[in-house]
Amino acid sequence: MYRTHTCGELRISDKGKSVTLSGWIQRSRNLGGMTFIDLRDRYGLTQLVFNMDADAVLCNEARRLGREFVIEAEGKVAERSNKNPKMPTGDIEIQVSKFRVLNAAETPPFTIEDESDGGDELRMKYRYLDLRRNPLKNNLLLRHRMAFETRSYFNSQHFIEVETPVLIKSTPEGARDFVVPSRVNPGQFYALPQSPQTFKQLLMVAGYDRYMQIVKCFRDEGLRADRQPEFTQIDCEMSFVHQDDILAMFEGMVKQLFRAIKGIEFDKPFPRISYTEAMEKYGNDKPDIRFGMEFVEITDRVKGKGFSVLDASSYTGCIVAPGCSEYTRKQLDELTEFVKKPQIGAKGLIYIRISADGSVKSSMDKFYTPDELAGIAAATGATAGDLVLMLAGDRTETQKALSELRLEMGNRLGLRQKDEFRPLWVLNFPLLEWDAETKRFYAMHHPFTSPKAEDLHYLDSDPARVRANAYDCVINGVEVGGGSIRIHEEQLQKKMFQVLGFTDEEAERQFGFLMRAFRYGAPPHGGIAFGFDRLVSLFAGEDSIRDVIAFPKNNAGRDVMADCPGEISEEQLKELSIRVKKS
Ligand code: ASP
């Protein structure tokens, strides 16, 4: 071994010991007759000291060492005269008697400190250097501990981890597939799994009634911020269970992670709300319930007073911003600008101020008497000192915009603290989603999700009305997991494919293998998958999942470190029977 101890290990109780440390030079300082070097490894930092008086040759050699050189140093543990209480090793230093350079280093392109001077792209290009920094290192350690806890929880619940293939037949999860050409089957392609969905269902048919896997999934989606083309799921499936059994099992997992990793105890069951209620109260199927500000609908109450905007709207809704009655003109203008941004899409913002003395002022007081305004304000639940913010228009669009405004107000009022966690379940999602462009229904979750038995009869007459046995786990406005009770009967699965617009032949070609399996004794089953990267980033307090992935892609889906994707040789193309169209 190149070391007797790590750089994070030695304490005052080790005083006098002869030790050898190896690591990277974080920083060195020359102070008169002394040279100090902070030596770093994964475990921490230890100060090395060289003394001109004691050994001028060695000290001069030490002065030639640069940042990030890898060295091995031998010496004695000594008590520091100038202790650093911020460092775990801050009471001691190593009086070096001998060292050797294991490898020299070029000056790194950015500082490898907690706060780096490197921009995003540069740090991505030199990811291995960025990973030396504490913030990323701590994230990867956290990720490891969370994976370990997850496996330990499921192991204690008799789940087994089974690996499923990566080269597969396409499984729809609502995104585009990444495809891999097959050399030995010219003109044919594998898909990379958007999730192991069909395999985990087949494992249930095979009798492995509790399956889990921490698994890579691949989705070729529009590259929105904070999406990665490959990401990791905690993927699970269970047999002979009802929805409540599944919620209890996976709520147990989330609670265990919070307990073990963050020391947070949730003694009550997570709240559960229906999709419909989530949309009506928060305009969002992943509501952030760290704060209230629930929507109040006043569509009918405000009609008939000559304000054409409200008369014509199918939805008028508002939120009450507590204590904001004295918002300035400028603040209100900012909010108006905010809701009018194209991605939010509102036409304008209406407000009612209820001043501390109870008097009411509004941007729509042309149309309503003071009494009427006070009546509207009272209907929203606002009291003295509050500000009512109102949007109107088409129901769904307005609720979406109001949701954004609510979140913005939550931010402005400091109601979305990163160290407060409020999980909940959202239940009873619609089974299907109408797509106006392609004029067909899509599965809101995926085509293997079972409809609610009591809604089955709408499947032909009014498909949009059918609710699914589907559920999402949401924490702080982030969907961390989603799943469903599956269809386990061939006939119903066939019917589902029909509703989704598949011909019988198409369904057979794509999913024949699954429907065939259902003929051989498929147990009732259901499951869920958690977005592992997202869960870790939430625990880490990071905004981006990139910060908890060792080697992520950039926003254009590129690995800027290895410069990939890239072209392949003519030779390889020929072997794959592929011709690339030059654009
Ligand atoms: N396969 C689903 C997904 O990736 C999760 C599930 O239904 O279990 O979202």
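Predicted model: local features only at pLDDT ≥ 70, side-chain atom pairs only at ≥ 80, totals over all residues.
Five strands close into it in the order β1-β2-β3-β5-β4. The pairing within this barrel is mixed. From one strand to the next, the twist averages 55°. Strands β3 (residues 44-51) and β5 (residues 92-103) run parallel and are joined by 2 bridges. Leu 48 has its bridge partner, Ile 94, in β5. Helix α1 (residues 56-63) lies across β1 (18-31), β2 (34-41), β3 and β5. Its direction makes an angle of about 65° with β5.

Strand β5 also contains Val 101. This residue counts as partly exposed because its relative accessibility is 39%, between the limits of 20% and 50%. Leaving out residues up to four places away in sequence, Val 101 touches Leu 65, Phe 69, Val 70 and Ile 71. Along the chain, Val 101 and Gln 399 are 298 residues apart. Their C-alpha atoms are separated by 63 Å.

Met 1 lies in the segment before β1. With 91% relative accessibility, Met 1 counts as exposed. Met 1 and Met 279 are 278 residues apart in sequence. In space, the distance between them is 60 Å, C-alpha to C-alpha.

Another pairing is found in a hairpin. Strands β18 (residues 432-435) and β19 (residues 440-443) run antiparallel, with 4 bridges joining them. Trp 434 has Phe 441 as its bridge partner in β19. The hairpin has 4 residues between the strands. Lys 439 in this hairpin takes a positive phi near 55°.

Most residues other than glycine have a negative phi, and most peptide bonds are trans. Several further sites depart from this pattern. His 158, which is not a glycine, has a positive phi of about 70°. The residue sits in the loop between α4 (134-156) and β6 (160-161). His 158 counts as exposed because its relative accessibility is 64%, over the 50% limit. Asn 476 is not a glycine either, and has a positive phi of about 55°. Its place is the loop between β20 (470-475) and β21 (478-485). Asn 476 counts as buried, with a relative accessibility of 6%. Thus His 158 is exposed, whereas Asn 476 is buried.

The backbone also has a cis peptide bond. This bond joins Cys 564 and Pro 565, with omega about 10°. Pro 565 belongs to the loop between α15 (532-540) and α16 (570-575).

About 40 Å³ of space lies in the largest cavity. Its lining is formed by Met 124, Arg 127, Phe 551, Pro 552, Asp 559, Val 560 and Met 561. These lining residues divide into 5 nonpolar and 2 charged, with no polar residue. Arg and Asp count as charged, so Arg 127 and Asp 559 are the charged residues of this lining.

Gln 243 lies in helix α6 (residues 243-262). Because its relative accessibility is 13%, under the limit of 20%, Gln 243 counts as buried. Leaving aside neighbours within four places in sequence, Gln 243 is in contact with Leu 427, Lys 452, Asn 469, Ala 470, Tyr 471 and Ile 485. Ala 470 falls in β20 (470-475), and Ile 485 falls in β21 (478-485).

Key:
Residues numbered from 1 in each chain as written. Heavy atoms only, no water. 1 Å grid on protein atoms, 1.4 Å probe; cavity = no way out; pocket = protein on both sides within 12 Å on 5 of 7 lines; lining within 4 Å. Points joined across faces, edges and corners; volume = space filled by probe spheres on them. Buried < 20%, exposed > 50% of the residue type's maximum accessible area, 1.4 Å probe, protein only. Contact = heavy atoms within 4.5 Å. Pairing = 2+ DSSP bridges. Axes fitted to C-alpha atoms, helices over the stretch in contact; angles between N-to-C directions.
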